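Please keep the sequence and the model side by side while reading.

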Amino acid sequence: MIVEFTGGKVIVTPHEIVVKLLGQHMVTLQAQTDAVQLIGRGANVIAANGSETKWSIKLDSESQLLKIASEMGCDVQ
């Protein structure tokens, strides 16, 4: 599934998440779903924290976060 937001797009599968940011630098963030935390309550943040990975990105709305949670099969915290 692809969820678009103002900064780019989030590509979600049950096993991994990829964030592609807009711009000339072509930044791509990738993480296994086990390393991803979805933070709601107005923050609307995807946070990845693994053994060698640490990044986060803010989405535009909670509905985007809920779509991602549904595809990943996890809860929003």
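How many bridges join β5 to strand β6, and in which direction do the two run? There are 4 bridges between β5 and β6 (residues 45-49), and the two strands run antiparallel. The model is predicted, with local features needing pLDDT of at least 70 and side-chain atom pairs counting only at pLDDT 80 or more, while totals for chains, interfaces and linings use all residues. Residues are numbered from 1 along each chain as its sequence is written, and side-chain values use heavy atoms, with hydrogens and water left out.

**Sheet**
- The open sheet has 3 strands in the order β5-β6-β7 with antiparallel pairing, where strands (E, at least two residues) are DSSP runs numbered from the N terminus and pairing requires at least two DSSP bridges.
- Its edge strands, each pairing on one side only, are β5 (36-39) and β7 (54-58).

**Strand β5**
- V36 has A48 in β6 as its bridge partner.
- The hairpin of β5 and β6 leaves 5 residues between the strands, and R41 in the turn has a positive phi of about 55°.
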